[in-house]
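Me: I would like a close look at a single part of this model, taken slowly and with the cut-offs spelled out.

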Amino acid sequence: MKDVGNFTAVAEFDNEREASIAAGMLGSNGIETFIDGSIMGTLYGAGATWAPVRLLVPADKADKAKALLKEHNN
């Protein structure tokens with residue numbers, strides 16, 4: 001997973017809905033998030049993408065974010 005600016009990818013999802021749920025959980029724990037997904041990757045609005053949707057957090061919060069995602073099975 002690539003880094004974007006001072007944000008680093010901590011997870012990949014099949015669709016933006018799953019990424020948004022994880023982002024909400026991280027946000028509730030004080031971690032800023034950015035979802036890197038492309039609407040162009042969605043096929044006919046079905047929700048499945050041909051490219052993964054990445055969840056990014058500030059690089060200095062990546063370890064905490066990964067631990068929380070693992071704890072919540074994301």
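Which residue follows α2, and is its phi positive or negative?

Reply: The residue that follows α2 is N73, and its phi is positive, near 60 degrees. This is a predicted model, in which local features need pLDDT of at least 70 and side-chain atom pairs count only at pLDDT 80 or more, while totals for chains, interfaces and linings use all residues. Residues are numbered from 1 along each chain as its sequence is written, and side-chain values use heavy atoms, with hydrogens and water left out.

Among the elements of the protein chain, α2 has the highest mean pLDDT, 97, on a scale of the predictor's confidence in each residue that runs from 0 to 100.

Within α2, the residues A62, A65, L68 and L69 are buried (under 20% relative accessible area, with exposed meaning over 50% and partly exposed in between, for a 1.4 Å probe and protein chains only). These residues lie on the same side of α2 because they cover an arc of only 130 degrees around the axis, the arc being that of the directions from the helix axis to the C-beta atoms. The face turned away from this buried side carries the exposed residues D63, K70 and E71.

The buried residues of α2 pack against β2, α1 and β4, where contact means heavy atoms within 4.5 Å.

Conventions: Helix = DSSP H or I, 4+ residues; strand = E, 2+ residues; numbered from the N terminus.
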